[in-house]
Amino acid sequence: MEKIRFDVEGMHCASCAQTIERGLKKQAGVEEASVNLLSEEAWVSFDPHRIQAKDLQDVVDNLGYQLILPQAQQDQDQTATQIQHYNIEGMHCASCAQTIEKAVNQLDEVDQAQVNLANETLSVHWKNQAQSQRVVDTVADAGYQAQLQEDNVQSYQKKRQRKLVQQDQEKHKLIWMTLLLIPLVLIAMGPMLGLSLPAFIDPMHSPKTYALVQAILTTGIMFMARQTFTMGLKALFKGHPNMDSLVALGTLAAYLQGLFTTVGLWLNDSAQSEHPVLYFESAGMILVLIGLGNYLENRAKHKTSQAIESLMDLSPQTAHLVKGPQDIVDVPTEKLKVGDRVLVKPGERIPLDGRIVQGQSSVDESMLTGESLPVEKQTDDKVTGGSFNQSGSFQFEVTRVGQDTTLAQIIRLVQDAQSTKAPIARLADTISAYFVPIVMTLAVLAAGYWYFLGGQSLNFALNILISVLIIACPCALGLATPTAMMVGIGNAANKGILIKSGQALEQIQQADVILLDKTGTITQGKPKVQAFHIVPEYQDQETEILTWIASAENQSEHPLAQAIVQFAHDQELDLSEIDHFQAETGQGIQAEVKHNVIYIGKQDYIAQHATIPQSYLDQANEASQQGLTTIYVALAEKFVASLNLGDQIKETSLAAIQDLQDRHLELVMLTGDNQQTAEAIGQQLHLDRVIANVLPADKANVVKDLQAQGKKVLMVGDGINDSPALVQADIGLAIGSGADIAVEAADVILVHSDLADIVETFNLSQATIRNVKQNLFWAFIYNIIGIPLAMGFFYAFGGHLLNPMVAAAAMSLSSVSVVLNALRLRRA
């Protein structure tokens, strides 16, 4: 199953998005399709064996819109490097790689092709113009699958540039439409306002010219707004009308009324005794106001993506490639490859991820992690592309390029999240699907009622018809949720909080219980040995036994094991080779060092192999009351030593926990420590509850038990053994410095590894959902009041009749107001 992002062109309202989404979902082989009106993107999961991307493009084209194929876009926007990268599926051995490499290299247009079996990628250097479909077909003929890697940064920048060009075109078109509208309004409404017109266009002296000039001016405006008619009528005739259909029908009704009246005036030679009733100015004003609304809306929507743009702009365009001691050249960042050596000067941004090989510096990573303080870097330290080098100069070796860099992964994650739909959007989506047909029906019924039953004139009924068609706004409904979600998720990313979906963002503020893993989450995750107690009879072997303990623990990745290894290193001990190693998850380890069998672990585990003296148990009890953990050691079935280890609580943990408790959330700590140690830490932090002696496999069961009580559970963890619980929880939140598998399993990632960011996550979730509800409220209220007003409901009870031009202004402002309200989240 493939999941591909497509750019979509031609959408103007929520009905458009719903039409495309439904059309794609109906296709055999399509598992899921999601269309985002705001970002103008479609994400489609489909089986490439049953349906191809080109077939999806044809489906959308038949609906009246354009689906841009990623490969076609890549070819069109090909950079000067003429290098493309493909993901390859189906390779199992070096022979597979050689088969693909040989086949692609045989293409005349290819300069060089290289296959990397390890990461299953194909790099193609083209002689001239890239022809990605040739590669895809060639690889397919060889029995494998190739998919062009999309460079998110370049693709997004190209798309942004296209949008800026479109905005500029819209602006110029709007200016010309306004220049035609001004004389149209003056001619049409001047006499009513007491303005005198020249005799040749005065409605009483020259009604024919009066009408003809208006017809010409209105025709010019309609010609410049022709896309509204082509898109709207095309969608209407295909059976899925949208907002453009409503505007097209309303303005055409007004235009045709004026046109028929004008023709009648010219065919009738009798003198005109009354001011001719024309709706030209209504048609012109509606189109200009809606054009102005669309322009303002698009400008406002552009600001909703500024968070992504700020991330995109972190990557510098060029880098200083070190070819030799005195040979440094500037090259485009995209030309760098893994293993290249790059110089970074003070005041420059780091182009890609890498490892420092020479020099040292102070690096500002705030745009990626939210950490305001610079981080000191020296030889062998990792650096992240996009971060800012403050003081020193250094050289680093590139370790990641393209879509593998941290920055690219963050951008992709944020883009994916912004494209997802939150459950709160379902109501608006359902209504949007039926909105336009219902409005068209109401418009016809209302106009028919006033004309046939209400005894009103045809012009009155036409006024009702136009007003209802124009004031209805599915856009406000369609934009209510995605605008707020896009700004909220983008704002979170800039603060080092990576939210993977709109659903996660909504569910965060619904949590009742927060489960906190202790090590690495509440604490620093860097425990230290506070004391080493050895049995007196082994006192003369203390150094040797500590060496054996550290040698055995060196085989484990557990933080406590690494603390013991570091304790040995601090005493400058040389570790020994291990002959045998076996771990009992959550209990301890058994190893053979220099023909000595050694057991290291918890009390219960060691008690199975040796008797622990009471004095050591008492000492451990005293240590646990101080929040320390005790590890016991047995050698050849005899107890020989114990170690007390402590992990410092993070400075921000207490304040963050108190803040979360003030929100009436239950805070529970999970730990494998014994009950006394856990309770000592729990008392320091004023936790509601601690659950001790929890084996890694049991963490998910704790989550299930809480969920069985009807509680919404948010799990926070950082280790591999936290991943089942992160998946089981309603919301899984991973500390960013944790294991990759924990990060992958989570719904939210805290890049900064700070519990204070959980508070910020709740703030953002609550602010975003509150904003969505505000948007939906005003979108619904606007239509609930506006449509009856346009239908003449209030007029029937002595109220006012809505002018179509006022309806157009109200409709345009409704969409703009929703977007502007969402933009307030940038200050959240």
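Reader: How far apart are the mean positions of the positive and negative charges of the protein chain?

Author: In this predicted model, the mean positions of the 57 positive and 89 negative charges are 9 Å apart.

Reader: What makes glutamine 133 partly exposed?

Author: The relative accessible area of glutamine 133 is 40%. Buried means under 20% and exposed means over 50%, with partly exposed in between; glutamine 133 is therefore called partly exposed. Glutamine 133 is placed in helix α5, residues 132-141. Its C-alpha atom is separated by 9.5 Å from that of alanine 146, which is 13 residues apart from it along the chain.

Reader: Why is histidine 686 counted as partly exposed?

Author: Histidine 686 has a relative accessibility of 47%. The term covers values between 20% and 50%, so histidine 686 counts as partly exposed. This histidine belongs to the loop between α24 (675-685) and β27 (689-691).

Reader: What is the phi of histidine 686, and what is that of aspartate 380?

Author: Histidine 686 is not a glycine, yet its phi is positive, at about 60 degrees. Aspartate 380, also a residue other than glycine, has a positive phi near 80 degrees. Aspartate 380 lies in the loop between β14 (375-377) and β15 (382-383).

Reader: How does the reach of helix α14 compare with the expected value?

Author: Helix α14, residues 426-453, has 28 residues. From its first C-alpha to its last it reaches 38 Å, close to the 40 Å expected at 1.5 Å a residue.

Reader: Where in α14 does a kink lie?

Author: The kink, of about 45 degrees, is at phenylalanine 435, shortly before proline 437. Beyond the helix, α14 is followed by glycine 455, whose phi is positive, near 70 degrees.

Reader: Which residues of α14 are called buried, and what covers them?

Author: Buried requires a relative accessible area under 20%. The residues of α14 in this class include Phe435, Val436, Val439, Met440 and Trp450. Among the elements that cover the buried residues are α1 (14-25), α8 (226-237), α9 (243-267) and α28 (756-791).

Reader: What share of the residues in the protein chain is buried?

Author: Of the 828 residues, 54% are buried. The secondary structure of the chain comes to 29 helices and 30 strands. The chain exposes about 36,900 Å², of which carbon and sulfur atoms supply 52%.

Conventions. Residues numbered from 1 in each chain as written. Predicted model: local features only at pLDDT ≥ 70, side-chain atom pairs only at ≥ 80, totals over all residues. Heavy atoms only, no water. Helix = DSSP H or I, 4+ residues; strand = E, 2+ residues; numbered from the N terminus. Expected span 1.5 Å × (residues − 1). Bend = angle between axes of the 7 residues up to and from the residue. Buried < 20%, exposed > 50% of the residue type's maximum accessible area, 1.4 Å probe, protein only. Contact = heavy atoms within 4.5 Å. Areas by Shrake-Rupley, 256 points an atom, 1.4 Å probe, with all protein chains shown as cover. Lys, Arg positive; Asp, Glu negative; His and termini not counted. Charge placed at Lys NZ, Arg CZ, Asp CG, Glu CD.
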